Amino acid sequence: MAVPAPSPTPRSPRRPDAILPPDSSSADAAPSVDFGDPASLAALRTLTDAGAATRLLHECVAYQRALDARLDALLARRADLDRAAASLLRSAPPLLSLAASDAAALKESSSSTAALADALSSRVRHLDAAHSRADAALARAEAALDRSRALEAARRALAADDLAAAASAAHDFLAIDARFPTDDDLRRDLLDIKRRLEGLARRRLAAAVDAQDHPAVLRLVRLFPLLALADEGLQVYVSYLKKVVALRARADFEHLAELTSATQPTSERPDFVGCLTRLFKDIVLAVEENDAVLRELRGEDGVAYAIIELQEECDSRGTQILRRYSDYRKLARHASDINSYTKNLLSVVGSMASAAGGTEGPDPREVELYLEEILALTQLGEDYTEFMVSKIRGLRDVKPELGPQAMKAFRNGSFNKMEQDLTGFYVIFEEFFMVENVRKAIRIDEPVPDGLTTSMVDDVFFVLQSCCRRAASTASINSVLAVLGGATSLLSNEYQEALQWRMREPNLGAKLFLGGVGVQKTGEEIATALNNMDVSSEYVLKLRHEIEELCAEVFHAPADREKIKSCLSELGEISATFKKILHSGLEHLVASVAPRIRPVLDTVATVSYELDDAEYGENEVNDPWVQKLILAVNTNVAWLQPVMTSNNYDSFVHLIIDFIVKRLEVIMMQKRFSQLGGLQLDKEVRSLINHFSEMSQRPVRDKFSRLSQMSTILNFERVSEILDFWGDNAGHLTWLLTPAEVRRVLGLRIDFRPEAIAALRL
């Protein structure tokens with residue numbers, strides 16, 4: 001049927017002011033107020049600004065126009081919707097009837113299928129329950145037969161004295177009984193057999209342990225897990241391992257005690273390191289070779305338990321060995337003697353007293369032997385501890401309390417404490433050895449044939465290097481810090497004093513030159529003293545670098561590394577101090593040589609640089625002063641080159657250059673120049689640069705930079721030419737002369753007008 005068309009919806013009447021042209025930006029943009037929301041009326045009523053009201057009016061007009069356009073679009077679609085609704089009403093009844101009949105048929109079919117499925121599922125559940133009960137009955141019947149067979153097998157094996165078979169049969173019976181618990185005569189008979197087996201296994205295992213019959217012990221201890229006695233078996237087996245280790249360790253220690261207690265000298269010397277090595281080897285092999293058995297008894301817990309128990313044997317026997325060594329070498333007495341020998345081994349006063357023939361301490365050669373022995377023993381203990389700790393950390397499936405217990409056994413045991421006592425003796429002996437040998441090296445200091453330094457330099461640093469290496473090998477941060485502190489104190493006090501003593505020469509100039517000729521012996525002595533200081537400053541840095549690399553391999557904790565870094569920084573300061581003293585010594589030497597060169601420099605003040613062509617040509621033939629200066633330098637400086645290190649000689653030459661250049665600058669600033677005179681100065685500066693470049697391995701051109709720049713300025717043809725080389729036009733040239741000095745140098749030219757120089761903008 002036809003749907004009557006509704007009457008058109010009347011549009012809202014336009015307000016008179018809506019005909020005002022709205023702002024284009026307001027029409028395109030979204031309105032600042034939601035005009036469709038009644039709550040917006042409250043905001044509109046509060047308006048007091050005319051401009052804001054006008055803007056909102058335009059927005060409202062635009063909003064109304066948008067609503068009108070949308071309504072027009074919706075009304076335009078009404079005819080299409082009416083036709084679609086009429087078509088749907090005409091075709092709906094047949095389709096709905098067909099869908100209803102199909103749905104009814106589907107419902108009936110689904111209901112029938114569901115009922116059938118429920119019935120079938122119920123029968124399957126009943127069948128499955130019956131099958132499960134039948135399986136359980138069969139399993140119980142089979143278990144009853146197996147129990148009977150296991151009991152019979154246990155009886156036969158026990159009668160045949162086959163404990164392994166009997167234990168296996170009893171284990172099978174108990175496993176079945178755990179699944180199907182019963183309390184009948186069979187179970188009581190089996191438990192009686194198990195008790196008899198336990199008694200036999202314990203007695204025979206004890207006999208095998210006493211007889212040290214290792215195969216029998218292994219065979220019998222494997223019965224204990226079958227008899228539910230794994231913990232007891234583990235304890236007995238570990239006790240057996242401890243007994244084996246203890247027997248050999250006791251024999252080794254008794255032999256060691258005989259050697260140390262012998263009143264007559266023997267060819268065999270006590271081997272404490274070998275004795276301790278064999279103890280550690282036995283313990284490690286006991287763990288490694290029996291790893292499978294221990295895991296069979298109690299898994300990784302068994303391995304951890306064995307390590308803890310065997311460590312008790314290590315604490316007992318190892319402590320005995322170390323204490324016997326300490327008594328044999330009388331370490332406590334020697335340490336007391338060293339402490340009474342001097343309260344401060346590193347004091348200069350102690351060194352002077354020793355040199356004056358005061359009370360002598362222990363022989364440093366014997367002390368060195370003790371140091372090597374202590375180091376070998378402590379390193380051996382550290383290697384053993386590290387191996388066993390890594391073994392413990394490799395165990396993943398252990399009881400939570402076993403790991404910390406094992407670590408405590410190693411870190412807090414009596415053996416570890418005895419090692420710490422030995423390390424304390426080591427620090428005392430090492431400091432004594434280091435101080436005494438350094439002092440001895442200073443006392444017997446002598447020139448080295450064909451060498452540039454004396455013997456004490458190499459001797460002192462060899463001693464310090466050996467002591468620091470030994471300290472790092474102990475892997476004890478306290479030992480390293482103590483030895484490093486001692487080495488630093490020695491270098492900064494006694495050794496530095498010895499170096500400076502050789503450099504003290506109050507009247508060096510008079511002794512260095514006699515009759516106008518350099519004295520070779522005096523030159524060699526002062527050069528050697530300077531060489532000692534130079535080489536020592538380099539050796540200190542090498543020592544620091546080597547210790548730093550060595551400690552980086554041994555110590556991994558950030559706190560330990562920071563402590564070592566702080567201690568090593570003092571070595572850097574000592575090296576800087578040595579270089580500072582060396583520079584002062586070289587300046588003293590230059591002050592002794594300078595009076596031999598000054599007369600030649602003083603003659604430069606009489607040389608004229610207001611040259612004409614004839615005078616310039618004469619200077620090319622007869623050099624006024626450069627060759628004389630070079631001869632004076634060669635005579636008074638170059639003869640020291642063979643006896644000085646290359647670094648010292650270069651520094652010496654550079655200080656001589658500084659003296660010459662400073663004096664020449666003063667002289668040249670007092671002269672007047674023609675252009676040819678400036679050219680003459682440039683040639684002379686180049687000659688000096690070439691000569692000193694041959695004397696020194698270091699660059700010398702920068703030393704003459706100010707003189708070179710002065711000669712360049714004095715060669716200008718006119719005053720304004722300086723601007724081609726100044727400021728932005730300087731390029732790579734760095735001016736060392738200030739603007740005031742540039743003007744002063746320009747003023748030295750006789751042909752440059754002061755007005756032109758003053759007008760320069762530099």
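**Before you start**

This is a predicted model: local features need pLDDT of at least 70, side-chain atom pairs count only at pLDDT 80 or more, and totals for chains, interfaces and linings use all residues. Residues are numbered from 1 along each chain as its sequence is written, and side-chain values use heavy atoms, with hydrogens and water left out.

**Stop 1: a salt bridge and its network**

Select R295 and E300. They form a salt bridge, and their closest N and O atoms are 3.4 Å apart. A salt bridge here is a side-chain nitrogen of Lys or Arg within 4 Å of a carboxyl oxygen of Asp or Glu. By this rule the count comes to 38 salt bridges.

Are these two residues buried or exposed? R295 is partly exposed, with a relative accessible area of 34%. E300 counts as buried, at 16% relative accessibility. The cut-offs: buried is under 20% relative accessible area, exposed is over 50%, and partly exposed is in between, using a 1.4 Å probe and protein chains only.

Together with R295 and E300, they are linked in a network of salt bridges.

**Stop 2: one turn of a helix**

Select E313 and R317. Their side chains meet in a salt bridge of 2.9 Å, N to O. Both residues lie in helix α11 (residues 291–328), four residues apart, about one turn of the helix. Helices are DSSP runs (H or I, at least four residues), numbered from the N terminus. E313 and R317 are both buried.

**Stop 3: a link between distant parts**

Select D602 and R663. Here the salt bridge is 3.1 Å, N to O. The pair links distant parts of the chain, 61 residues apart: D602 is in helix α21 (residues 558–604) and R663 is in helix α24 (residues 646–668). D602 is partly exposed at 33% relative accessibility. R663 is partly exposed too, at 27%.

**Stop 4: a helix with a buried face**

Select helix α27 (residues 739–746), where V742, V745 and L746 are buried. Look down the axis of α27: the buried residues fall within an arc of 100 degrees, so they line one face of the helix. That arc is taken from the directions from the helix axis to the C-beta atoms.

What do the buried residues of α27 pack against? Show α26 (705–714) and α28 (754–758): these are the partners.

**Stop 5: the largest pocket**

Select E382, R411, T474, A475 and S476. Among the 20 lining residues of the largest pocket, these lie nearest its centre. The volume of this pocket is about 700 Å³.

Next, colour α14 (364–393), α16 (414–443) and α17 (455–473). Each supplies at least two residues of the lining of the largest pocket. The largest share, nine residues, comes from α14. By class, the lining of this pocket has four nonpolar, 10 polar and six charged residues.

**Stop 6: the cavity**

A search of the whole structure finds one cavity of 30 Å³ or more. Which residues line the largest cavity? Select Q311, T385, F410, F415, N416 and E419 to see its lining. The largest share of this lining, three residues, comes from α16.

On a 1 Å grid over the protein atoms alone, a cavity is a set of points where a 1.4 Å probe fits but cannot get out. A pocket is an open set with protein on both sides within 12 Å along at least five of seven lines. Lining residues have an atom within 4 Å of a point. Grid points are joined across faces, edges and corners, and a volume is the space filled by probe spheres set on the points. Ala, Val, Leu, Ile, Met, Phe, Trp, Tyr, Cys and Pro count as nonpolar, Asp, Glu, Lys and Arg as charged, and the others, Gly among them, as polar.

How values were computed
Contact means heavy atoms within 4.5 Å.
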